[in-house]
Amino acid sequence: MKITFATSADTMPQLKARIVEQDKLPADLSPAFLQGAEASRFTGKVGQLFEGFVEDGGVVVRLALVGTGKHGGDERLANLERAGAALAAKYLTSGEKVLGLDLEGSGLSARETASLLTGLRLRSWRWDTYRTKLKEEQKRSLEQVVVFGAHKGAEAAWKVEEAVAKGVELTRELVAEPANIIYPQSFVERCRERMEGTGVEISVLDEDEMAELGMGALLGVSQGSIRDAKLLVIKWMGGNPADKPTVFVGKGVTFDTGGISIKPAAGMEDMKWDMGGAGAVAGAMLAIAGRKAKANVIGVCGLVENMPDGNAQRPGDVVTTMSGQTVEVINTDAEGRLVLCDAITYAQREFKPRTVIDLATLTGAMMIALGMEHGGLFSNNDDLADKLLAAGRKSGDKLWRFPLSPAYDKLIDSPIADMKNVGPRWGGSITAAQFIQRYVEEGVNWAHLDIAGMVWADKPGATWDKGATGFGARLIDTFVRDNCEG
Ligand code: BES
Ligand code: MN
Ligand code: ZN
């Protein structure tokens, strides 16, 4: 979706949209049009839409009114996003190619305009690559939005948010792609392609290099797959060179069969999105670099495929992690933590960060606890936790905090090794977090985000269609903006 700005309405396309504040219908519209809006009970509630036809300088124009709700309040920007998204959802396959967004007299600030456009852009994303037989009316028609009468700073504000939208789109793309297309190697290649020219520095460790470093847990997961594991590092050093970086670590299991502890067949296809944490990290890095953030941020993605095979690891195997600690692999399906522990150790040893935040579709138990409304947050630091909760509220990628404690920690002690990779059935998301915490080094502020329920949606939401939501990319970007810059 191309979004451009124009100063004169001379070239106003035949489809035009205006925004309407709740209960304040514009007075300059024809009585017939207004009567139509009223008869349809259009009042300008958030995301509500009314369309009709008006005569404008001798030509007939299709005019849409979209509600932005009541002015003011914390929800203002989110409401504008939802209004933009409602326009995209309505006109994406309408047959119209160009939408003229008329903001003359709307009073929208530059930032508010950017939010409206963010909603439009994000809601119009779809991944149709493999749909070769779409009927004409199912195909996307809307290609461009031309904005008229915007605040003079709006274009610059949009440039910033556009970079973020591109990041979210990369996350969605990586998540939406099936596992025969996106596997560790191709995940890396896709990131290289999309990030070319942004100024990020990309490096990759292959299996030999990881073996050299002693990453026995990550490599144990990968052992049953013919696809080689990769550790992808994406660096953006836009801040003061003396500042320690903030590191984000993503679980990138490009397909999770469960391994020898194999999953049931029903729904296993969902496990193509078990790389959603890594996808969020990659998308966020694109956003952060794209808007030239004044911060030092490093993304680390542990990329592996978890397969059953003659060479796969067995339940009961003991692996040695890069940290030197040993793990009894009770269940090969609890593989995410095995990938994360080595990726996190590497990140700490290599980059000496003050803060490490990992994102992972780690446990089904998280979805049982929170459903599809919040990701779970675990942290060893209250201040960091509060900042992440705030970034969640602001970005729309909402989080909810869970506890950690020694009582939970001891549930993963093993009789043969330093720990086992699963605890008892109850509190499965918490024992998973406790496992990861055992790899957090002295003095490091750490948070773990279990986003299992959030990366994929069965129905459309505020700014996404069903499918990949892009969860996490904006959360990270917002956290960096509010806490790591200037
Ligand atoms: N990737 C899954 C978690 C998951 C399951 C995410 C369903 C989204 C939907 C993870 O690797 C896994 O299999 N976890 C197990 C852990 C268990 C064996 C302790 C789980 O949650 O069942
Ligand atoms: Mn698993
Ligand atoms: Zn998994």
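Modeller: First, a definition: six donors count as octahedral if opposite donors are over 155 degrees apart and all others between 65 and 115. Donors are N, O and S atoms within 2.8 Å of the metal (3.2 Å for Na, K and Ca), and water is not among the atoms, so sites may look incomplete. This is a predicted model, where local features need pLDDT of at least 70 and side-chain atom pairs count only at pLDDT 80 or more, while totals for chains, interfaces and linings use all residues. Residues are numbered from 1 along each chain, ligands are numbered from 1 in the order written, and side-chain values use heavy atoms.

Biologist: Which protein donors hold the zinc ion (ligand 3)?

Modeller: Lys-251 (NZ), Asp-256 (OD), Asp-274 (OD) and Glu-335 (OE), at 2.0 to 2.4 Å.

Biologist: And what is the arrangement around that zinc ion?

Modeller: Octahedral, because the six donor atoms subtend angles of 79 to 175°.

Biologist: Which residue bridges the zinc ion and the manganese ion (ligand 2)?

Modeller: Asp-256 does, and the two ions lie 3.1 Å apart.

Biologist: Are Lys-251 and Glu-335 buried or exposed?

Modeller: Both are buried, meaning under 20% relative accessible area with a 1.4 Å probe, protein chains only.

Biologist: Switching to ligand 1. What polar contacts are there, taking N or O pairs within 3.5 Å?

Modeller: Among them, the Lys-263 side chain has an N or O atom 2.8 Å from a ligand oxygen. A polar side-chain atom of Asp-274 is 2.8 Å from a ligand nitrogen. Leu-362 places a backbone N or O atom 3.5 Å from a nitrogen of ligand 1.

Terms used
Four donors count as tetrahedral if all angles lie between 85 and 135 degrees; four count as square planar and six as octahedral if opposite donors are over 155 degrees apart and all others between 65 and 115; anything else is irregular. Buried means under 20% relative accessible area, exposed over 50%, partly exposed in between (1.4 Å probe, protein chains only). A polar contact is a pair of N or O atoms within 3.5 Å; within protein, one must be able to donate a hydrogen and the other to accept it, and residues adjacent in sequence count only if both atoms are side-chain atoms.
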